Amino acid sequence: MTSHVLLTRALPLASETLASALPHAVRTLTGGDQPPTRRALLEGASGAAAIIALLTETIDDELLDAAGPQLRIVANVAAGYDNIDVAAARARGVVVTNTPGVLDEATADLAMALILATTRRLVEGDRFIRSGSEWIWGPTSFVGLDISAGATLGIVGLGRIGMAVARRARAFGMRVVASGSRARGPEAVALGVEPATVDEVFALADVVTLHCPLTPETRRMVDARRLSTMRTGSYLVNTARGPLVDEDAVADALDGGKLAGAAFDVHEHEPRVNPRLVASERAILLPHIGSAGRATRQAMAQLAVDNVAAVLRGDAPLTPVS
């Protein structure tokens, strides 16, 4: 069987063109936004020299075995790679890459948009207007948090995206506290970011935003205990990975008034969305669109293809996972 490059789904046009120039035939499983079935993924992987995958595709022992010994690289079109069993890939000599850097600004833009939207109750106001209810301006109507009036933003995981959010928050006049090794680095110091432990971030912040990877240690790190340490009337934003959060605990905190609002671009059991959050007027829920800028998505796809091209010609990958 001739080796091929497997695209689990069609990529933006620029990268489709680039992929066509790879020294292997390119096979695309689906042409739209629907992911391939597991059976189609296993069959398509058979004989592949490279797999370009999205975060919805699980790359595990079964799939790596289905691909066979000629598989050299799995390129994930995402910054996170919790959908890939990296250890299993390494055991077979398969390189794993991701797409860090190119989506930082777009994701930070969305995180900042959600911070503003939830603290100023924008979606609530929009729903109210669309309901057709009679209204008149009132001094206590839809009052929210003035983030520029000394509000504290807590960043859990001050990596590239977290730092981009910190820059935006500082421009809005927010105090920023953050966890992570980079919180004591020169850029953070220059921005005035205050280093803190994860528990301190939750205790100090008016708004907590999550930007850490999903690992066994961080899974459900936002639980009832951590939420109980937050200030009454505070806010939670998640644009990282859904399973970082115990969503029922968040729903409890919203119902009980501990949280004034929550905004999620990612979901614990994605694509299923917690019905209690759907029912909450104080929850903003998006369909995982943090990187959904046209230029950003093209750059992500192109970086994945460039990683494949490098490995297949015998060069080092551009962005291997650590």
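Reader: In which loop does Arg220 lie?

Author: This is a predicted model, in which local features need pLDDT of at least 70, side-chain atom pairs count only at pLDDT 80 or more, and totals for chains, interfaces and linings use all residues. Residues are numbered from 1 along each chain as its sequence is written, and side-chain values use heavy atoms, with hydrogens and water left out. Helices (H or I, at least four residues) and strands (E, at least two) are DSSP runs numbered from the N terminus. On that numbering, Arg220 lies in the loop between strand E9 (207-210) and helix H10 (224-228).

Reader: What is the phi of Arg220, and is the residue buried, partly exposed or exposed?

Author: Most residues other than glycine have a negative phi. Arg220 is not a glycine, yet its phi is positive, about 55 degrees. Buried means under 20% relative accessible area, exposed over 50%, and partly exposed in between (1.4 Å probe, protein chains only). Because its relative accessibility is 38%, Arg220 counts as partly exposed.

Reader: Is Arg121 buried or exposed?

Author: Arg121 lies in the loop between helix H5 (104-119) and helix H6 (122-130). Its phi is also positive, near 60 degrees. With a relative accessible area of 17%, Arg121 is therefore buried.

Reader: Which two residues does a cis peptide bond join?

Author: Most peptide bonds are trans. In the loop between strand E11 (259-264) and helix H12 (275-279) stands Pro271. Here omega is about 10 degrees, and the cis bond joins Glu270 and Pro271.

Reader: With which side chain does the side chain of Thr319 make a polar contact?

Author: Thr319 is found in the segment after helix H13 (294-312), and its relative accessibility of 16% is why Thr319 counts as buried. A polar contact is a pair of N or O atoms within 3.5 Å; within protein, one must be able to donate a hydrogen and the other to accept it, and residues adjacent in sequence count only if both atoms are side-chain atoms. The side chain of Thr319 reaches the backbone oxygen of Asn98 at 2.6 Å. Its side-chain partner, at 2.8 Å, is Asn307.

Reader: What radius of gyration does the protein chain have?

Author: The C-alpha trace spans about 70 × 50 × 35 Å along its principal axes. The radius of gyration is taken over C-alpha atoms, and the globule rule is 2.2 Å times the number of residues to the power 0.38. With 322 residues, a compact globule would therefore have a value near 20 Å; the protein chain agrees, at 21 Å.
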